[in-house]
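The sequence and structure come first.

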Amino acid sequence: MGSAKRSSPGPLGGAAGTTPRHVFVGSVTSALDLAHRLADEGAPHGTLIVAEEQTAGRGQHGRVWHSPAGGLWMAFVARPATPSELRVVSLRIGLAVAETLAGFVPTASDLGVKWPNDLLLGDRKVGGVLCEARWRGDSLRWVAVGVGINLTNRIPEELASEAVAAGNVHRERLALAIGAALEGLHLAAPLLHAEELERLARVDALRDRALVEPVAGMARGIAADGALLVETSRGIEAVRAGSPRLA
């Protein structure tokens with residue numbers, strides 16, 4: 001376990017004088033679950049957990065996330081000053097992670113963000129983001145952010161057509177770079193601002209592609225509230241839930 005340098009309050013409302021922790025562990029059931037436990041014990045904003053492997057990693061909708069040794073399996077404790085829609089938070093974080101990862105892989109031009117929370121290399125999944133909030137009544141206590149990226153870990157045969165590994169990347173440096181990027185985000189901002197939308201448009205893996213799910217039509221970008229915009233026979237629809245499937 002190491003400690004980051006002492007810092008002043010950041011845009012997410014971290015308390016003055018707190019010291020974010022970097023926690024490196026071996027095998028855990030889930031780095032995200034560990035983040036929740038540490039947050040409940042008072043871990044400050046910026047606490048970063050990096051695991052060698054997860055035995056019960058999870059993705060969106062409770063899906064199993066295969067996370068053996070060789071990949072980057074990390075979680076981040078965020079304490080936004082005010083609550084925000086998790087869909088916006090997930091996209092904001094996904095963009096930051098994709099842009100950070102691009103500085104570490106030679107095939108950066110093939111990196112994309114697939115709404116709502118996937119990272120693609122070419123047309124195959126290289127990583128994902130999962131955000132989980134914890135509340136006390138109407139008060140947001142924290143958001144635990146899980147990030148998983150395939151690096152040199154083995155991809156299961158049954159997933160080889162849809163998943164890919166980024167290759168030999170210095171795992172610890174990548175984790176710290178992502179952690180630093182996340183600390184600089186204004187996660188409490190309720191909408192994606194214009195500059196974020198422009199950056200997302202450059203890496204939007206669905207834009208101008210035909211979809212059959214969650215609605216049939218052409219993907220036309222992402223709205224400020226994090227909705228997927230789809231052009232259908234009825235006009236532009238704002239989709240706020242579902243898993244996209246290309247035609």
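A pocket here is an open set of grid points where a 1.4 Å probe fits, with protein on both sides within 12 Å along at least five of seven lines.

## Largest pocket

The model is predicted. Its largest pocket holds about 890 Å³ of space. Its lining is made up of 44 residues, and those nearest the pocket centre are Arg63, Trp65, Asp118, Lys125 and Glu162.

## Lining of the pocket

Five elements each give at least two residues to the lining: helix H1 (31–40) and the strands E4 (72–78), E6 (118–121), E7 (124–136) and E8 (139–149). E7 has the largest share, with five residues.

Sorted by class, 20 of the lining residues are nonpolar, 14 are polar and ten are charged.

## Overall fold

The protein contains four helices and 13 strands. Its radius of gyration is 17 Å, close to the 18 Å that the globule rule gives for 247 residues, so the protein is as compact as a globular protein of that length. Along the principal axes, the C-alpha atoms fill a box of roughly 55 × 40 × 30 Å.

## Burial, contacts and surface

Buried residues make up 49% of the 247 in the protein. Among contacts with a separation of 6 or more, 63% are between residues 24 or more positions apart.

Note on methods:
Residues are numbered from 1 along each chain as its sequence is written. This is a predicted model: local features need pLDDT of at least 70, side-chain atom pairs count only at pLDDT 80 or more; totals for chains, interfaces and linings use all residues. Side-chain values use heavy atoms; hydrogens and water are left out. On a 1 Å grid over the protein atoms alone, a cavity is a set of points where a 1.4 Å probe fits but cannot get out, and a pocket is an open set with protein on both sides within 12 Å along at least five of seven lines; lining residues have an atom within 4 Å of a point. Grid points are joined across faces, edges and corners, and a volume is the space filled by probe spheres set on the points. Ala, Val, Leu, Ile, Met, Phe, Trp, Tyr, Cys and Pro count as nonpolar, Asp, Glu, Lys and Arg as charged, and the others, Gly among them, as polar. The radius of gyration is taken over C-alpha atoms; the globule rule is 2.2 Å times the number of residues to the power 0.38. Buried means under 20% relative accessible area, exposed over 50%, partly exposed in between (1.4 Å probe, protein chains only). Contact means heavy atoms within 4.5 Å.
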